[in-house]
Amino acid sequence: MSALAHGGPSLPQERRLVTEIPGPLSRELFERRNAVVANGVSTTLPVFVTQAGGGVVLDVDGNSLIDFGSGIAVTSVGNSAEAVVNRAGEQLRRFTHTCFMVTPYESYVAVCEQLAELTPGEHPKKSALFNSGAEAVENAVKIARAHTKRQAVVVFDHGYHGRTNLTMALTAKNMPYKNGFGPFAPEVYRVPMAYPFRWPTGPENCAEEAAAQAISQIEKQVGADNVAAVIIEPIQGEGGFIEPPLGFLPRIAEFCRANGIVFIADEIQTGFCRTGDWFAVDHEGVVPDLVTTAKGLAGGLPLAAVTGRAEIMDAAHAGGLGGTYGGNPVACAGALGALETMRGLDLPAAARRIGEIMLPRLNKLAARFPQIGDVRGRGAMIAVELVKPGTKDPDAALTAQIAKVCHAQGLIVLTCGTYGNVLRFLPPLVIGEDLLTEGLDLIEAAFEQLTAQ
């Protein structure tokens, strides 16, 4: 096998189109996929990948696409990052599984040690490892209920927390995540999110008024003494990359502290350098009681965690937490490689640099195209919200068309938002500035093409 048959950062960092997108081999594979894969598993861009690394994804037809998706914020260190491959490969040769609950291994402990060091706050911390973000959120709720002896859980409008039964109840958006899948878990209450672009009295009033409304609803409709946990994404992901204004998160955290409520930061999409800090709550110095992580943690291998105050984490009885594959040794090895890469390459700084390049370009686009109602985000978690000109009416159709044109030109972009009208950009933190600029050029060309019609 030639060196080029491997992925990783040594791949040529270039956009290269040799067929239409998707190409004939991808279309053939997609037919096979449709014959055997359940319809409920969706596909954003039906190109079948053979290699990936740095800021590019290569498909079976020989096309090289620019990656502004990172597998939904997973491959922040790049696909096949050297330290991830080396550590995971060595672990594969040693053993693939024993189940940490049966016979443990050091890498699980080492990951928990690093999580204790990196997550916000100087207090003693412990962790439990799982397979997915939804598992982490669900277990965080279990831990909070065990600690407080309360049942109610408060979440925010536009929030997304997973696809299991409990996390579907926590998630705001009905379609496609909840529709037809109920009944859902009880004792879940939803309060307003600080959404500056859509706040009725304007973004300047959003932080104070949204926090006051959320707290008032909790006190009047639930009762603070009944609330086990408040769960929030510091920047909402699937809900539309909604970044609450300064002051909102500290106010919610302070309310939780005053009322014995476990404050849970869902950092599954925002964590591990994505927003320009190790964790998004670091931006305002907020210290959660529990933090849920996944996605960027292990360089593409399935690993998730709940990390938090030791006395809260220890509230669950022995055997109450865990899972057969939770903290798999290969995934733990990959995580140690990913964390090594994040430190060695200073990926928080890399994310900030991506934001410094993307935000001014996108703001210039917004000045040209009234269809861009809002540009927002931090670091390498950036989005534009599309509306019908002169209004704030969501334009989901244009959003889908822009994404389709970008895909056809070899740029992987994702959409999101409660109204389906947000283009989100999540490039690998190791992407080259030339690819970043070229990707922005393609986005600009897509707007020029579609708004001229």
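Modeller: Helices here are DSSP runs of H or I with at least four residues, numbered from the N terminus, and strands are runs of E with at least two. This is a predicted model, in which local features need pLDDT of at least 70, side-chain atom pairs count only at pLDDT 80 or more, and totals for chains, interfaces and linings use all residues. Residues are numbered from 1 along each chain as its sequence is written, and side-chain values use heavy atoms, with hydrogens and water left out.

Biologist: How many residues has α5?

Modeller: Helix α5 has 16 residues, 133–148, and reaches 23 Å from its first C-alpha to its last. That is close to the 22 Å expected at 1.5 Å a residue (1.5 Å times one less than the number of residues).

Biologist: Which residues in α5 are buried?

Modeller: Among them are G133, A134, V137, A140 and T148, where buried means under 20% relative accessible area with a 1.4 Å probe, protein chains only.

Biologist: Now the second largest pocket: which residues lie nearest its centre?

Modeller: They are F100, Y108, S127, A128 and L321, out of 22 lining residues. A pocket is an open set of points on a 1 Å grid over the protein atoms alone, with protein on both sides within 12 Å along at least five of seven lines, and lining residues have an atom within 4 Å of a point.

Biologist: Which element supplies the largest share of that lining?

Modeller: Strand β4 does, with six residues.

Note on methods: 1 Å grid on protein atoms, 1.4 Å probe; cavity = no way out; pocket = protein on both sides within 12 Å on 5 of 7 lines; lining within 4 Å. Buried < 20%, exposed > 50% of the residue type's maximum accessible area, 1.4 Å probe, protein only.
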